[in-house]
Amino acid sequence: MGRLSARAPAVWRIRLVAVWAVISFAGGLILFFQWVVGFVWLIVFSAAILYLLIYYIPAACKNVRFTQTEELLSLHSGVFIKKTVLIHRGRVQYAKLIQGPAARLYGTASLLFYLAGSVLWLSELERADAQKLQEEFCHDTARVSPPADPSAVHAGKS
């Protein structure tokens, strides 16, 4: 059974701190103009961020796992509400590998599976594991091969 990278919580924490900095700046502007509302905003928002940093992110990373068979990829996730998603190889249109700055720093990558009508995201795998999964799923979808002799295509048209 596959799991997220051990460095996934660090990447998620960096993203959360970046969001916290932007929203705290907005709270600071509110504090400048209306100090009571701004102070309450900063206290409530900081408490929510601390909860996410200390409890939710480690629990979310611990609960994400995937299982791969020859025909299916099974994704299990959730902290409060557990969710299982089954992806059939034949339904995957393509798989896209994504790396942001924090993910590059820690050597992780995310995989997006584009299915008919939806997109599923498997976040913060080890880069080598993500590339292997992407190649396995894209290998099944790329069955059309170019002609062996390009001149044969032009000869057939005339």
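This is a predicted model: local features need pLDDT of at least 70, side-chain atom pairs count only at pLDDT 80 or more; totals for chains, interfaces and linings use all residues.
Trainee: Let's start with Glu 124. Where does Glu 124 lie, and why is Glu 124 called buried?

Mentor: Glu 124 is in strand S7. Its relative accessible area is 0%, and buried means under 20%, so Glu 124 counts as buried.

Trainee: Which residues does Glu 124 touch, beyond those up to four places away in sequence?

Mentor: Among them are Leu 4, Ser 5, Ala 8, Val 11, Trp 12 and Arg 15, and also Ala 103, Thr 108, Ala 109 and Ser 110.

Trainee: What makes the pair Arg 15 and Glu 124 a salt bridge?

Mentor: The closest N and O atoms of Arg 15 and Glu 124 are 2.6 Å apart. The rule asks for a side-chain nitrogen of Lys or Arg within 4 Å of a carboxyl oxygen of Asp or Glu, so this pair qualifies. Arg 15 lies in helix H1 and Glu 124 in strand S7, so the pair ties together parts that are 109 residues apart in sequence.

Trainee: Is Arg 15 buried or partly exposed?

Mentor: Arg 15 is partly exposed, because its relative accessibility is 32%, and that label covers values between 20% and 50%.

Trainee: Glu 124 also has a polar contact with the side chain of Ser 123. What makes that a polar contact?

Mentor: The two side chains come to 3.5 Å, and the cut-off is within 3.5 Å for a pair of N or O atoms. Residues adjacent in sequence count only if both atoms are side-chain atoms, and here the contact is side chain to side chain.

Trainee: How many salt bridges are there by this rule?

Mentor: The count comes to 3. Another one joins the side chains of Arg 7 and Glu 126, at 2.5 Å from N to O. Arg 7 is in the loop between strand S1 (2–3) and H1, while Glu 126 is in strand S7, 119 residues apart.

Trainee: Why are Arg 7 and Glu 126 called partly exposed?

Mentor: Arg 7 has 35% relative accessibility and Glu 126 has 27%. Buried means under 20% and exposed over 50%, so both residues fall in between.

Trainee: What about Glu 136 and Arg 89: how do you know that they form a salt bridge?

Mentor: Their side chains meet at 3.8 Å, N to O, and the limit is 4 Å, so the pair is counted. Glu 136 is in helix H4 and Arg 89 in the loop between S4 and S5, 47 residues apart. Glu 136 is partly exposed at 25%, whereas Arg 89 counts as buried because its value is 11%.

Trainee: On to helix H2. How do you know that H2 reaches close to its expected span?

Mentor: H2 (residues 35–63) has 29 residues and reaches 40 Å from its first C-alpha to its last, close to the 42 Å expected. There is also a kink of about 40° in H2, centred on Leu 52.

Trainee: What covers the buried residues of H2?

Mentor: The cover includes helix H1 (8–33), strand S2 (65–68) and strand S3 (72–77). Phe 45, Ile 49 and Leu 53 are among the buried residues of H2.

Trainee: Which residues touch the most other members of the largest nonpolar core?

Mentor: Of its 30 residues, those are Leu 73, Ile 87, Leu 111, Phe 113, Leu 122, Leu 125 and Leu 133. H2 gives the most to this core, with 7 residues. In soluble globular proteins, nonpolar side chains tend to be buried together.

Key
Residues are numbered from 1 along each chain as its sequence is written. Side-chain values use heavy atoms; hydrogens and water are left out. Helices (H or I, at least four residues) and strands (E, at least two) are DSSP runs, numbered from the N terminus. The expected span of a helix is 1.5 Å times one less than its number of residues. The bend at a residue is the angle between axes fitted to the seven residues ending there and the seven starting there. Buried means under 20% relative accessible area, exposed over 50%, partly exposed in between (1.4 Å probe, protein chains only). Contact means heavy atoms within 4.5 Å. A nonpolar core is a set of buried Ala, Val, Leu, Ile, Met, Phe, Trp, Tyr and Cys residues joined through side-chain atoms within 4.5 Å. A polar contact is a pair of N or O atoms within 3.5 Å; within protein, one must be able to donate a hydrogen and the other to accept it, and residues adjacent in sequence count only if both atoms are side-chain atoms.
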